[in-house]
Amino acid sequence: MKLAFSSPTKTEAERNILFTRFRSIGYEGLQLKPPQYSPYIKDASHFLEVWGEQKGMASALIAGGSLDEQNQDDLRNLFSFSEKVGVERIVFCHGISRKKVSNSDIKDFAKTLSELGLEARQQYGVGLSLHHHHDQPVMYREDFDVFFDQVKENTVTLTIDTAHLYKSGIQDISEVIDSFGNFIDNFHLKDFAQGQWKVLGEGEIDFAPVFHAIKKLNFQGWVSADEESGGDLQQGMEDCYTYMSKGLSYTSL
């Protein structure tokens, strides 16, 4: 497996810390939030000029939207950008409230994302991974079954987010990992307590069975700390790396 880091950055100075220090801490990649890559979507060469071609610099791009026609066109532009800068996957957060959708809607979303995922893979060599999310269409445990029963083979994968599962009332995170291991290509690890995102190890989530489930998969993809607590960026990067590498018995190559 490979360890990555993802975090919002509030200032240019924070963004520079993120982009220039992740490797020295031990991470092999970054998973970028939209404000960190969106200024470059129409000029991929400028992204490479500014940030270089460091391996793993943009192992994934986190994106979102409603899946309407405009959002689908935006995703296609993102696929093209990703191909040019070496992004492996788009991590898609479906920005519609769970309260507004039915199981039939979830099935339709699965079909639409399958078509986009096939297009991304065949035409651009980029993966499309669904990021389940609190108060988004795939939120409850049964939503995973409804959605992935409709996904066409080798089109859409799954990013597991520990804190969004926990916030959505799914405390047996390892069961979800075991059940959907064939779809999982990416992990976002973050902690949660009292309604707030927390630095890994500082919240309520029991990560021991989570780490066990990941290792049991013989997982070879990306495991990313998704640090959204709002604390000091440098310290968060260091603390999350220590916690993940110890829990996963990880040694950087």
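User: Which helices and strands each supply at least two residues of the lining of the second largest pocket?

Analyst: They are α2 (34-37), β3 (60-65) and α4. Helices (H or I, at least four residues) and strands (E, at least two) are DSSP runs, numbered from the N terminus. The model is predicted, so local features need pLDDT of at least 70 and side-chain atom pairs count only at pLDDT 80 or more, while totals for chains, interfaces and linings use all residues. Residues are numbered from 1 along each chain as its sequence is written, and side-chain values use heavy atoms, with hydrogens and water left out.

User: How is a pocket found, and what is the volume of the second largest pocket?

Analyst: Rolling a probe the size of a water molecule over the atoms shows where empty space is left. On a 1 Å grid over the protein atoms alone, a pocket is an open set of points where a 1.4 Å probe fits, with protein on both sides within 12 Å along at least five of seven lines; lining residues have an atom within 4 Å of a point. Grid points are joined across faces, edges and corners, and the volume is the space filled by probe spheres set on them. Here the second largest pocket comes to about 230 Å³. It is lined by 13 residues, and Tyr37, Ile41, Asp74, Leu75 and Leu78 are the closest to its centre. Helix α4 gives the most to this lining, with 5 residues.

User: What kinds of residue make up the lining of the second largest pocket?

Analyst: There are 7 nonpolar, 4 polar and 2 charged residues. Ala, Val, Leu, Ile, Met, Phe, Trp, Tyr, Cys and Pro count as nonpolar, Asp, Glu, Lys and Arg as charged, and the others, Gly among them, as polar.

User: Which residues are closest to the centre of the largest pocket?

Analyst: The largest pocket has a volume of about 300 Å³. Of its 22 lining residues, Arg23, Gln54, Lys55, Gly56 and Met57 are the closest to the centre. Helices α3 (44-51) and α4 (69-85) each supply at least two residues of that lining, which divides into 8 nonpolar, 7 polar and 7 charged.

User: Why is strand β10 described as largely enclosed?

Analyst: The description rests on burial: buried means under 20% relative accessible area, exposed over 50%, partly exposed in between (1.4 Å probe, protein chains only). In β10 (residues 222-226), 5 of the 5 residues are buried, so the rest of the structure largely encloses the strand. Trp222, Ser224 and Asp226 point one way from β10, and Val223 and Ala225 point the other way.

User: Which strand pairs with β10 over 5 bridges?

Analyst: Two strands pair if DSSP finds at least two bridges between them. Strand β1 (residues 2-6) pairs with β10 in the parallel sense over 5 bridges. Strand β7 (residues 184-189) also runs parallel to β10 and is joined to it by 4 bridges. Ser224 in β10 stands opposite Ala4 and also opposite His188.

User: How many residues of strand β5 are buried?

Analyst: In β5 (residues 127-131) 5 of the 5 residues are buried. Gly127, Ser129 and His131 point one way, and Leu128 and Leu130 the other. Strand β4 (residues 89-94) runs parallel to β5, with 5 bridges; Phe92 has Leu130 as its bridge partner.

User: How many disulfides are there?

Analyst: A disulfide is a pair of cysteine sulfur atoms within 2.5 Å. The count is 0, because the sulfur of Cys93 is 18 Å from the closest cysteine sulfur, in Cys240, which is too far for a bond. Both cysteines are buried: Cys93 has 13% relative accessibility and Cys240 has 1%.

User: What is the phi of Leu67?

Analyst: Most residues other than glycine have a negative phi. Leu67 has a positive phi of about 70°. It lies in the loop between β3 and α4 and is buried, with a relative accessible area of 8%. Gln194 also has a positive phi, near 50°. Gln194 lies in the loop between β8 (191-193) and β9 (196-198) and is exposed, with a relative accessible area of 74%.

User: Which residues does the UniProt domain annotation cover?

Analyst: In the UniProt record, an unreviewed entry, "domain: Xylose isomerase-like TIM barrel" covers residues 23-228. UniProt positions are given in the numbering used here, feature names are shortened, and annotations may be inferred rather than shown by experiment. Over residues 23-228 the chain is 42% helix and 21% strand, with the end C-alpha atoms 20 Å apart.
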